[in-house]
Protein chains: 2
Amino acid sequence: MTKLVIGGAQMGAIQKADSREAVVARMIDLLEQAAAKGVEMLVYPELALTTFFPRWYMEDQAEVDQWFEREMPNGATQPLFDRARDLGIAITFGYAELTPEGRHFNTSIVTDRKGEIVGKYRKVHLPGHVEYDPERSHQHLEKRYFEPGDLGFNVWRNEGVIMGMAICNDRRWPETYRVMGLQGVELITLGYNTPSVNSQMGDEGLAKRLFHSKLSLQAGAYQNATFVAGIAKAGVEDGHPLMGGSVIVDPNGFILAEASSEEDELIFAPCDFADCAFGKSTIFDFARHRRIEHYGRITSQTGVIEPA
Amino acid sequence: MTKLVIGGAQMGAIQKADSREAVVARMIDLLEQAAAKGVEMLVYPELALTTFFPRWYMEDQAEVDQWFEREMPNGATQPLFDRARDLGIAITFGYAELTPEGRHFNTSIVTDRKGEIVGKYRKVHLPGHVEYDPERSHQHLEKRYFEPGDLGFNVWRNEGVIMGMAICNDRRWPETYRVMGLQGVELITLGYNTPSVNSQMGDEGLAKRLFHSKLSLQAGAYQNATFVAGIAKAGVEDGHPLMGGSVIVDPNGFILAEASSEEDELIFAPCDFADCAFGKSTIFDFARHRRIEHYGRITSQTGVIEPA
C-alpha cells in the first residue's frame with residue numbers, strides 16, 4: 001500500500017490589490033517549505049489565487065470576470081506548476097474558472113508529481129445568495145457569481161491513492177464524502193475560505209465555527225475510512241476575517257496536523273493509506289451493511305417534506 | 001415553538017440471570033428520578049429489557065427466542081407504561097421483537113405523555129455477523145438473530161415535536177440522520193449497546209470508541225439541525241464491558257448533557273425546539289442547497305465500486 005507525506009499550505013489573507021504573481025510567489029515559498037519536509041502532495045485553499053471576492057456585490061460582469069482564470073495553467077500560475085514538477089510534488093488548489101463557453105465555476109485541479117493535471121472538480125454546494133442582502137453583516141454571493149458544479153464527485157487514481165476533491169461548504173454535507181466513499185476514496189482534499197463571523201448570527205463566534213468545520217471533516221473521514229485534508233485561506237482580507245483551522249485528518253477521524261495561525265503556514269503528516277483498510281473492511285464495509293432501500297429520500301427529494 | 005425537558009436513562013449492566021421484572025423496576029426508578037427533574041420525555045437504551053444477548057452464539061431457536069417480546073406492552077413492561085402515563089412522561093426504549101409471523105427485529109417504540117405508543121422503529125443497520133467467528137475476541141451476532149428493519153426511518157409528530165428513532169449502529173451512518181432530516185426532524189432518539197472493546201482490533205481502546213460515538217451523534221445533529229439523544233446500556237455484562245457516554249446533543253452539535261458513569265444514571269436537558277430553525281433555514285436549508293443530481297450513487301449502489 002501507498003504511503004505519502006501530505007501537506008497543507010494554509011494561506012493568510014490576500015487583499016484585493018494583490019496581484020496573481022505576488023500570490024503565486026507565496027505559494028511557491030510554501031512549496032519550497034513543503035519540499036524541505038518531504039511533502040509529496042500539497043493542498044492549497046479554495047480560490048487560492050485571489051481575495052475571496054464573493055463578499056463584494058458587483059453588477060458589472062467585466063468587474064466580476066477579472067477574478068476568473070480563462071485557462072489553467074496560465075501565465076501567472078505556470079511558475080507554480082514548473083516548480084512543483086521540479087520538486088516532484090503533486091499540488092491541488094482552487095481558482096475561479098471561466099470556460100470558453102462563458103460559464104463560471106468555483107473549481108479545483110490536482111496534478112500528479114510530474115506536474116500534469118489529472119483531475120478537475122467544480123464546487124457543488126454553493127453557499128450564500130444571489131442578490132444583495134441588506135439583512136446580512138456581509139455578503140456571500142457565491143450563488144451569484146458561480147453556477148453549481150456539473151462534474152459531480154469523481155475520484156482519481158493519483159500517485160497510488162484513490163483521491164477526490166471537494167471545496168469549502170461541501171465539507172458540511174455528508175453526501176460529499178459518501179459519494180466518494182462509494183468509489184473507495186482514500187484521500188479527500190478540500191480548500192476553504194470561511195468567514196470568521198456568521199453573516200446572519202453575529203454572536204455565533206469563531207470557536208463554534210471552527211468546531212463545526214472540524215466536526216464535519218472528522219465525521220466525513222471516519223464514516224468513510226478516508227484521510228481528509230481541509231486547508232484554509234485565513235486572515236483579514238480588506239477588513240473581513242477568515243478563519244484558519246486547517247487540518248489533516250486520519251481515517252479514524254483523528255487530527256494528525258493542525259494549523260496554529262491565520263497566516264501562510266505549512267502543516268504536514270505522513271499518511272499510510274493502508275490505514276484506510278480496517279474501517280472499509282469492518283464497520284464501514286458498505287456492501288455488507290448499507291441498506292439503500294431505506295435511503296430513497298436522499299436522492300428523490302431535495303428539500304424537506306414534513307409529516308402531515 | 002415547543003420546549004420539552006428531554007431525559008436519558010442510561011442503564012448499567014443487565015446480567016443474563018436478571019429477570020424482565022427486575023429490569024423494569026430499575027427503569028421505573030429512573031422514571032421517578034426523571035419526574036423529579038421535570039423530564040417530559042425519557043429515552044432508554046437499545047434492548048433495554050435484557051442483557052445484550054447477541055454476544056452469545058446460539059443454535060437453538062427456542063433459546064434465542066427467550067430474549068424476545070411477543071407483544072408490547074406485555075405483562076413485564078405494563079408497570080412501566082402505567083407509571084409513565086401517571087407521571088405524564090413520554091418514553092422510548094428498545095427491545096427484541098418477535099412478530100406473530102415469526103419475524104425477529106431489533107425494535108424501539110415511543111409513547112406520548114398519555115402512555116400510548118405512537119411510533120415504532122426497527123433497526124436498519126445491523127452490525128456484526130451471522131456465523132460463529134473464531135477470529136473475534138467476542139461475538140456480535142446481530143445479523144444472525146435479527147433481520148434488517150423493514151419500516152425505514154420514519155418520523156412522528158409527538159408532543160409538538162417532529163421526532164424519529166434510530167438504534168445503536170445506525171448512529172454511524174449519515175444516511176440515518178439525513179432521511180429523517182428530509183422530513184424536518186427536530187429530535188432523534190437512539191439507544192445503544194456498544195462493547196468497550198473492538199472485537200477485531202483489541203488495542204483500539206475505549207477513548208477512541210467513545211470519540212467515534214460522539215463524533216457521529218454530534219455531526220448528525222449539526223448537519224440536520226436537530227436535537228439527538230444517544231443513550232447507552234453500559235457496564236460489565238457477564239464479563240463483557242459495554243461503554244457509557246450517553247449524551248444529549250443540540251442542533252449545533254454541542255453536548256448539553258453527558259453521563260459520567262457506566263451505571264444506571266439519569267441525564268437531562270431542557271430543549272427549545274425553536275433552536276432547530278436557524279440551521280434549517282440558513283446553511284442547511286436543504287431546498288436551496290442540496291444537489292441531488294450528484295448524489296445518485298448513495299441510493300443506486302450499496303457497496304464500493306472503485307475507479308478503473
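User: How many salt bridges are there between chain B and chain A?
Analyst: In this predicted model, the count between the two chains is six salt bridges, each a side-chain nitrogen of Lys or Arg within 4 Å of a carboxyl oxygen of Asp or Glu. One of them joins the side chains of Arg178(B) and Glu175(A), at 2.6 Å from N to O.

User: And how many residues of chain B are in contact with chain A?
Analyst: On the chain B side 68 residues are in contact with 68 residues of chain A, where contact means heavy atoms within 4.5 Å.

User: What area do they bury between them?
Analyst: About 6400 Å² (accessible area lost to a 1.4 Å probe on being put together, summed over both parts), with 63% of it on carbon and sulfur atoms. In chain B, the residues that lose the most area to chain A are Trp173(B), His294(B) and Thr302(B), together 10% of what that side buries.

User: Switching topic, what is the strand order in the open sheet of chain B?
Analyst: The six strands run β5-β4-β3-β2-β1-β14, with mixed pairing; strands are DSSP runs of E, at least two residues long, numbered from the N terminus, and two of them pair if DSSP finds at least two bridges between them.

User: Which strands stand at the edges?
Analyst: Those are β5 (117-122) and β14 (265-272) of chain B, and because each has a single partner strand, one side of each is left without a neighbour in the sheet.

User: How do β1(B) and β14(B) pair?
Analyst: Strand β1 of chain B, residues 3-10, pairs with β14(B) in the antiparallel sense over eight bridges, and Ala9(B) has Leu266(B) as its bridge partner in β14(B).

How values were computed: Residues are numbered from 1 along each chain as its sequence is written. Chains are lettered from A and ligands numbered from 1 in the order in which they are written. This is a predicted model: local features need pLDDT of at least 70, side-chain atom pairs count only at pLDDT 80 or more; totals for chains, interfaces and linings use all residues. Side-chain values use heavy atoms; hydrogens and water are left out. Helices (H or I, at least four residues) and strands (E, at least two) are DSSP runs, numbered from the N terminus. Buried area is the accessible area (1.4 Å probe) that two parts lose on being put together, summed over both.
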